[in-house]
Each structure stands twice: as structure tokens, then as C-alpha cells.
Amino acid sequence: MAVLKGKGAMTGVNLIAKVYKNGVTKDGKTQYADIQIDVRDPRGPEQTNLHLKSDRLKGEGGKVRYNNGAPYSTNQMEEIAAAAGPNTEPILNKDGNEVGKLYGFKGNVMPATRGSGLVVNTKSVEASEFEVDSSTLDNQFTSMRAAREAQAAAKAAQAQAPALDAEQQQAVQVDEPAVG
């Protein structure tokens, strides 16, 4: 899940909403959407997880999967779609059929009152500073992977640093001449 800390970190965030056609509840009143921080937003590049909501679930056979969808009312989704305007891109399945839509917009986020994660305050949505296109989702995943690899490399370097310090101290003690 995305981490936004500091004064003003949750205001005016460039966002991307992945909205699937099959994400509507049976009564048609709620739509589930996977909303992410746009990696091009200044708060995005170092995030290892750009999703506003990300719940880890164990499925069949102990297989781990993540639920990134948060519920929004149909009115809220209409506000997001209106803010995005023409800044959309179809989400296609492997057969080339449209299964959803990607929206680029900007808004304020806040902690969810029910459940975990962050949600968009749809009263604050407006047009995004960035255009979404067919490579937007790939760029999102590439950025998250790069951030995870950088974080792992930093941890590995930090783990090696104390060992090097101990070796250097030992070397310094050995190199001292004996007085006598």
C-alpha cells in the first residue's frame, strides 16, 4: 500500500484508477476500483506499492494474492470519470477485448473509514497533470519493481556495512606497531 507522509502529502495527488466492468456489485450501487498513485507524481517513484489499498489474502492451496480494489459509489465513480474527461485508456484482456477502463485524474486522499488503506475524496477530483496511454500500467509495475529492488539493495548494503566496519577495526588493531 502506498505511504504518504508529511504535510500536504495527501493533497493534489495524481492518480490512476483501474476500473473493471465486472467490478460492479449486483445491486449496481457500488463499483470496485484499484486506484494507484501515478508514478510520474513526485510522491510515486520511491513507492514499492503504488496502490491506495492493498490487502494480502491467502487463496486456495496457500497461494498469496492481493486485493487492491476499494468500493466507491456509482456517483463517486461518475465524479472520477468526469474529472478524468478524455484522459482514459481501455484495459484489454489477452484476446484484445475491453474489460475495463483506466482513468487519469488528480485528487486528495484520506485514510479509509472502513477497512484499510487510503481512499479518494471524490469532492476534490480534477484533471490529472499526466496523460494515460497504453504504456501507463507497464510503467507503474516497472517503477514498483525498481523501487523494491533498490530497497533490497539498500538493505543488503546496510547489512554488509557493520561487517566491513568490524573488519576495518580489526585491521587497524593488527597494523599498530608494538611499543617496547
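A nonpolar core is taken here as a set of buried Ala, Val, Leu, Ile, Met, Phe, Trp, Tyr and Cys residues joined through side-chain atoms within 4.5 Å. In the predicted model examined here, the largest such core comprises 28 residues, among which Leu 15, Ile 35, Phe 105 and Val 120 touch the most other members. At least two residues of this core are supplied by each of β1 (13-24), β2 (30-37), β5 (70-73), α1 (74-84), β7 (98-111) and β8 (118-127). A second, separate core of five residues includes Ile 16, Ile 91, Val 132 and Leu 137. In soluble globular proteins, nonpolar side chains tend to be buried together.

The protein chain as a whole contains two helices and eight strands, which follow one another from the N terminus in the order β-β-β-β-β-α-β-β-β-α. Of its 180 residues, 35% count as buried, and its accessible surface amounts to about 11400 Å², with carbon and sulfur atoms contributing 51%. Among contacts with a separation of 6 or more, 60% are made by residues 24 or more positions apart.

When neighbours within four places in sequence are left aside, Ile 35 is in contact with Leu 15, Ile 16, Ala 17, Leu 50, His 51, Leu 52, Tyr 72, Ile 80, Phe 105 and Val 120. With the same exclusion of sequence neighbours, the contacts of Val 119 are Tyr 72, Asn 108, Val 109, Met 110, Pro 111 and Ala 112.

Key:
Residues are numbered from 1 along each chain as its sequence is written. This is a predicted model: local features need pLDDT of at least 70, side-chain atom pairs count only at pLDDT 80 or more; totals for chains, interfaces and linings use all residues. Side-chain values use heavy atoms; hydrogens and water are left out. Buried means under 20% relative accessible area, exposed over 50%, partly exposed in between (1.4 Å probe, protein chains only). Helices (H or I, at least four residues) and strands (E, at least two) are DSSP runs, numbered from the N terminus. Contact means heavy atoms within 4.5 Å. Accessible areas come from the Shrake-Rupley method with a 1.4 Å probe; for residues, only the protein chains shown count as cover.
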